[in-house]
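This briefing looks at charged side-chain pairs and at one further residue with its surroundings. Please keep the sequence and the coordinates at hand while reading.

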Amino acid sequence: MGTYGIYCNVIFYVKGVPAVGFSIIIPAYNAETTLARCLQSIRKQTYEDYQVILVDDGSEDNTLALARRLTEADPRYTVVSRDHHGPGAARNRGLPYVQKEYVVYLDADDYWIRDDLLQLLHRQISRGEADVYLYQMVKVTDDGTVLERYAKAPFQKENQILPLGEVYIDLVKDGQALASACNKCVRSQLLRHPDIAFVEESFGEDIDWVLQLFACAQSICLMNLQAYAYTQHKAISRSTHPDAPNDLVTIVSRWADRVEQEDLPHRQAVAGLVAFEYGICLGSLHRLCAEK
């Protein structure tokens, strides 16, 4: 049984390709200056079988009104509003609206730099469905300048469905795990696992979520595809907030206990990421001591 592929606004039938669509969840907080750019990067996608769930996280500016205005003409877009509790809570709020087979996260101050991201993901999924597809980010300044010092080496094992336990230690060792939700395309069914949810009102929600994800996922596909532009703001951000190191220490301590006390799937892989984040804790401690 085939499916309908949608490219460049032309619908055609692709024999033998499984029906795969993407649910894109966007948490947005005070994003009136960046939201249009974010949504434009979605509209430029050459594969159009997607839905967008935009969750306004209690913005104090015109984000909610702008979101409604920019999406009202397209039925694929759903705008949801909630009180402000952080991006983790906003992403959790969006999950019940998911209708497609895979979920992709995109933050409202970031954007995709590949117009064919969804098309390439669909092509890879059609060759065999993994639980997680991992692609690469670039860091950019507010004006779009790429920060080359954050570039990662290419994946050595690419475009294959791999058992997670066999490759994740290498990803951690090379700094490729990247504790972010936004460079991962995840099977929707896996995200409905009772042990996977973003912690709320925390500055480490992505780190904790990735640990949950890789404690449960069975397979992964690595794609040498620089597709996501992560904006490194000059102003203080969630990652540089003074409370962020404390939240990270809490997460690392909790997961270190779980690795030691529980029979986790892929225990060694999870332990590797916990150790990696512990190293970041030590770096944060050094920075905080230097500030005193």
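Is Arg 187 buried or exposed? In this predicted model, Arg 187 is buried, with a relative accessible area of 18%, because the cut-off for that class is under 20%. A search of the whole structure finds nine salt bridges, and several of them are described below.

**Arg 187 and Asp 131**
- The side chains of Arg 187 and Asp 131 meet in a salt bridge at 3.1 Å, N to O, and this pair links strand E10 (residues 184-187) to the loop between helix H4 and strand E8, across 56 residues.
- Asp 131 is buried as well, its relative accessible area being 11%.

**Arg 91 and Asp 206**
- Asp 206 forms a salt bridge with Arg 91, with the closest N and O atoms 2.5 Å apart; Asp 206 lies in helix H7 and Arg 91 in helix H3, 115 residues apart.
- Asp 206 counts as buried at 12% relative accessibility, and Arg 91 counts as buried at 1%.

**Asp 49 and Lys 100**
- A salt bridge of 2.8 Å, N to O, is formed by the side chains of Asp 49 and Lys 100, which sit in two loops and are 51 residues apart.
- Asp 49 counts as buried at 16% relative accessibility, whereas Lys 100 counts as partly exposed at 24%.

**Ile 161**
- Ile 161, found in strand E9 (residues 161-163), is partly exposed, with a relative accessible area of 42%.
- Leaving aside residues up to four places away in sequence, Ile 161 touches Gly 128, Glu 129, Ala 130, Ser 219 and Ile 220.

Key. Residues numbered from 1 in each chain as written. Predicted model: local features only at pLDDT ≥ 70, side-chain atom pairs only at ≥ 80, totals over all residues. Heavy atoms only, no water. Helix = DSSP H or I, 4+ residues; strand = E, 2+ residues; numbered from the N terminus. Buried < 20%, exposed > 50% of the residue type's maximum accessible area, 1.4 Å probe, protein only. Contact = heavy atoms within 4.5 Å. Salt bridge = Lys/Arg side-chain N within 4 Å of Asp/Glu carboxyl O.
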